[in-house]
Amino acid sequence: MATNLPASQAQGGIGTAPVPTTEHADHLHEHDEHHDQHWLWKYVFSQDHKMIARQFLITGMLWAIIGGALSSLFRLQLGWPEATLEWLQPLLGKWIEGGKLNPEFYLALVTMHGTIMVFFVLTAGLSGTFSNFLIPLQVGARDMASGFMNMLSYWFFFLSSVIMFSSLFIETGPAASGWTIYPPLSALPQAISGSGMGMTMWLVSMAFFIVSQLLGGVNYVTTVINLRTRGMSMSKLPLTIWAFFLTAILGILSFPVLFAAALLLIFDRSFGTSFFLSDIYIAGQALHNQGGSPVLFQHLFWFLGHPEVYIVIMPAMGMVSEILATNARKPIFGYRAMIGSLIGISLLSFVVWAHHMFVTGMNPFLGSVFMFLTLIIAVPSGVKVFNWLATLWRGNIRFTAAMLFAIGFVSLFISGGLTGIILGNATLDIQMHNTYFVVAHFHLVMGSSAFFGLFAGVYHWFPKMFGRMMDEKLGYIHFWLTFVGVYLVFMPMHYVGIAGFPRRYYSWTGFDAFSQFADLNKFISAAAIIAFFGQFVFIFNFFYSIWRGRRATENPWHSTTLEWTTPIIPGHGNWPGEIPAVYRWPYDYSKPGAEADFIPQNVPYSQTASSNLPYERELED
Amino acid sequence: MSALTILLVLVLLLVVFGLLFRLQILTSIFSGTYVREIGMSNRINAMLMLVFMVVGGAAFFWSFSENFSKMNPPIASVHGHAMERMFWTTMTVIGIAFVITQALLFIYSYKYQHKEGRRAYFFAHNNTIEVIWTIIPAIVMAALIFAGWKAWTRITGPAPKDSVVVELMGKQFNWLVRYPGRDMKLGVVNYRLIDASNDFGFDLSDKSALDDFTTTEIHVPKGHPVLIKIRSRDVLHAVYMPQFRVQMYAVPGMPTRFWFTPTTTTDEMRARLGNPKFNYELACNQICGKSHFAMKATIIVDEPDDYQAWYAKQSPNSANADMMASYKQTSQQAGLGKGGTMGAKAAAIEETGETPAAPLSSQATM
């Protein structure tokens, strides 16, 4: 089992010299014995990181369908505010009143769409899937540091999912105060019905979600630090692992703060405390609460909330770096600069949270400080983009579906990232705050980009996950539909934002100032709904290929990293024999003098005399 | 029944799609194209990258210019003009970066598509280039930060001493407006004193509250600094006046503020836009509940003389018999009133650093 990992494997530490091991052979037999496990332990309560990764992926996909469907519902309302939605009555029941969507339910849809996409899809579904799947395979470990904790991580996520999902069906409706759940709205059931039972379930669900994240995060960090195979120094790690590693650290440091905020909010809601409440007169009654500060909640929330967007995007950045290099058949440009920029982004991500709060009544001096820190983050982000471009330059590009999504990621990251320079500027944020400009910005830079990273990852590592290939042609169709769709949705949304349209509005018809874009909103809605249905091409491809796809070879993309040295479907323990040792960095693509256009990490320099660079000659023996 | 039919049609379509898909795979296996790793589709995708750039770029340019006139709300405040300039300058800077990087991305993708027999150029790093593309964005950012910081400190700095004071109080789902009256002092309010006839919760034992008056429309004079004091009495709201480029949250328990100088009267703006129905609007821009989207108020910018005339016509709290009567009752019940509880005291210690002068005193001497 995972907990009985060979001691010899735990010889990590930065720059450890290769140590010969002899004990692996003994453990082989042990791993073979696990083949005839009961299905319950193999598929359900599995401690195998690869199975847990698949569980995260499929749960995440289900959530993505739900989250996407919710967005289609509210886009219907925004695109066609006059239309009757009677036909949705069988699905939504009492939330359709006289052919109209209930405005409170509209807010619930927006809230749940945000919560689901940010946390359940792009945090658990993306980082949960690929951190689990790739960390042990790429660092050369038989499993996670603690398989049991890893299993718990999934099941806490599952529990959290069940609670959040159930909250969609309760009488008073799910949480409806925005995914940022700012009190007092989220604290007072008198203020909105979603702040009753729905909000309680939201908070409980998120508490379990945070437990899941922490269990996972501790495992990822420990595995990367301690379980790297012989020769796998930190400076030989694939960029994916660097990204997962830093993401896990961000999660460990920031999620507990959200937990604290949620706990204090539970106290305010249920036990009469006044952490976030003060001077409130609502529903004909003056509340007793005094001295609390709603702004305090915002600080606590965004202390997680901002690192959270990097938790979402960094794994995608890591995978995209890997996929671009593999398919351009070229080393990633500026490997160390890429690591440096990831570290820079990670550090900065902790000191920019208040840029979400420029106009919330926070001291303007703080605004200046946070504007400064926020705009600095453009520098490491820019470095990453330039390095990706330089990686493509003079490459020999194969357009696999994964590669297309990786290129799409870079494009969307640029488009969405640049508008961050506007929003990070406190002066301009006075006008842009909470408008559709913000919505367009973050949907491109962290929503769609992270989704593209996720798709790229699925197409690329599907052969290792299921032993079969996904259909490339359907992949192309899926990519072009989604890529065009995303741009058609979010580019025009900037115009709506520049015009000052507020977000979370059920309809804009009451305002003269917001009356000019009815057609554009129809267009955006149509594009969004079509793009959403386009995703079923992917779903079909995914499930079809699991059972009927073309059989994969061991290393279908001619890639250099360790996961491709495992059998086509790696068993529990990953390598049937000894874990390969690592001799070189992961990006020896198209090295001059080499026979093939890639040299896997486990090939020693002594076997590649013809291609060794001068300083590598010393390492030949 | 119709739902069932639709469902059936969808399922059948799915089956047809699946069969066609299978057929296509089988034919490609027989024709031998299935196993070829890099072929026609690689060239097609490379070409599509270029097509996407050209067509997408053109479509973006067209739609942007087509919609440009609609996406600029008219500006009616002094700082609004400065913000607008900064916005479009920054847009130009990021626009340049956007065009360069996107063009390189798609052109490289097309140009360096797989070619049989070619090998990619092994080029792992170059510190000079890295330093250059770190420093250039850093300098650009520094310039943007500096400009943003200068404007931000000016806009959020203290309001001029002679500002006209208006207080807005957000509640689900409308805005309450009050003016300080003749004494130019906003009276004490206390949320415990709120009732049907006393929406603000005026503490009428405070003399300066007696001449305060409330209105439904917000009137402000043109060309004169206006300080908006902002409160909320239930949940978070935000004062958002797009034409004045003003936005600030209304926070229960924590008064906030924003000051600006209107430059164009409502009538002038109506004439300029050729829209006799035009009004400056105040929207709530922080989710506050069911009717968030309908939480609206109108702002009227008057010529200074009209403003003074309007101001003089308003009737103070002391003339509101209902409020006076109900105050007596509520304050006795709650044991509140001037010098009553700590709560009232806390509310009395307002954030008024400056004493507002008589309405438009500077105007009067002019």
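Modeller: Gly18(B) counts as partly exposed, because it has 13 C-beta neighbours inside 10 Å, and a residue needs 20 or more to be buried. The model is a predicted one. Gly18(B) belongs to helix α1 of chain B, which runs over residues 2–31. Between Gly18(B) and Gly274(B) there are 58 Å from C-alpha to C-alpha, at a sequence separation of 256 residues.

If contacts in chain B are limited to residues at least 6 apart in sequence, 73% of them join residues at least 24 apart.

Chain B also has a backbone feature in a loop. The peptide bond between Gln172(B) and Phe173(B) is cis, with omega at about -5°. Phe173(B) is placed in the loop that links β1 (164–171) to β2 (174–179) of chain B.

Next comes the contact between the chains, to which chain B gives 90 residues and chain A gives 101. On the chain B side, the elements that each supply at least two residues are the helices α2 (40–67), α3 (78–111) and α4 (127–156), together with the strands β6 (237–241), β7 (246–250) and β9 (280–284). The largest share of that side is the 15 residues of α4(B). Sorted by class, the side of chain B that touches chain A holds 50 nonpolar, 28 polar and twelve charged residues.

One helix pair across this contact can be described in detail. For two packed helices, the description consists of the angle between their axes and the distance between those axes. Helix α16 of chain A, residues 472–498, packs against α2(B) at about 15°, and the two axes are 11 Å apart. An angle under 35 degrees counts as roughly parallel, so α16(A) and α2(B) are roughly parallel to each other. The crossing of α16(A) over α2(B) is right-handed. From α16(A), the contact uses Glu472(A), Tyr476(A), Trp480(A), Tyr487(A), Met491(A), Pro492(A) and Tyr495(A), while α2(B) contributes Ser41(B), Asn45(B), Leu48(B), Gly56(B), Phe60(B), Ser63(B) and Asn67(B). By class, this contact of α16(A) with α2(B) has eight nonpolar residues, five polar ones and one charged one.

Helix α12 (residues 378–392) and helix α13 (residues 401–423) of chain A cross at roughly 155°, with axes that come within 11 Å. Angles over 145 degrees count as roughly antiparallel, and α12(A) is therefore roughly antiparallel to α13(A). The crossing of this pair is left-handed. In α12(A), Ala378(A), Ser381(A), Val385(A) and Trp388(A) meet Val410(A), Phe413(A), Ile414(A), Gly417(A) and Ile421(A) of α13(A). The contact of α12(A) with α13(A) comprises seven nonpolar, two polar and no charged residues.

The largest nonpolar core has 288 residues, and those that touch the most other members are Val320(A), Phe405(A), Ala406(A), Phe409(A), Ala456(A), Val166(B) and Val239(B). The element that gives the most to this core is helix α5 of chain A (residues 103–139), with 22 residues.

Some backbone details of chain A remain. Pro183(A) and Pro184(A) are joined by a cis peptide bond with omega of about 5°. The loop between α6 (147–166) and α7 (197–226) of chain A holds Pro184(A), and Ile181(A) is found in the loop between α6 and α7 as well. Ile181(A) is not a glycine, yet its phi is positive, near 35°. Ile181(A) is buried because it has 26 C-beta neighbours inside 10 Å.

Arg504(A) is another non-glycine residue with a positive phi, near 60°. Its place is the loop between α16 and α17 (518–548) of chain A. Arg504(A) counts as buried because 22 other C-beta atoms lie within 10 Å.

Definitions and conventions:
Residues are numbered from 1 along each chain as its sequence is written. Chains are lettered from A and ligands numbered from 1 in the order in which they are written. This is a predicted model: local features need pLDDT of at least 70, side-chain atom pairs count only at pLDDT 80 or more; totals for chains, interfaces and linings use all residues. Two residues are in contact if their C-beta atoms, placed from the backbone, lie within 7 Å. Helices (H or I, at least four residues) and strands (E, at least two) are DSSP runs, numbered from the N terminus. Ala, Val, Leu, Ile, Met, Phe, Trp, Tyr, Cys and Pro count as nonpolar, Asp, Glu, Lys and Arg as charged, and the others, Gly among them, as polar. Axes are lines fitted to C-alpha atoms, for helices over the stretch in contact, and angles run from 0 to 180 degrees between N-to-C directions. Angles under 35 degrees count as roughly parallel, over 145 as roughly antiparallel, 65 to 115 as roughly perpendicular and the rest as oblique. A crossing is left-handed if the near helix is turned anticlockwise from the far one by less than a right angle, and right-handed if clockwise. A nonpolar core is a set of buried Ala, Val, Leu, Ile, Met, Phe, Trp, Tyr and Cys residues joined through C-beta atoms within 7 Å. A residue is buried if 20 or more other C-beta atoms lie within 10 Å of its own, exposed if 12 or fewer, and partly exposed in between; C-beta atoms are placed from the backbone.
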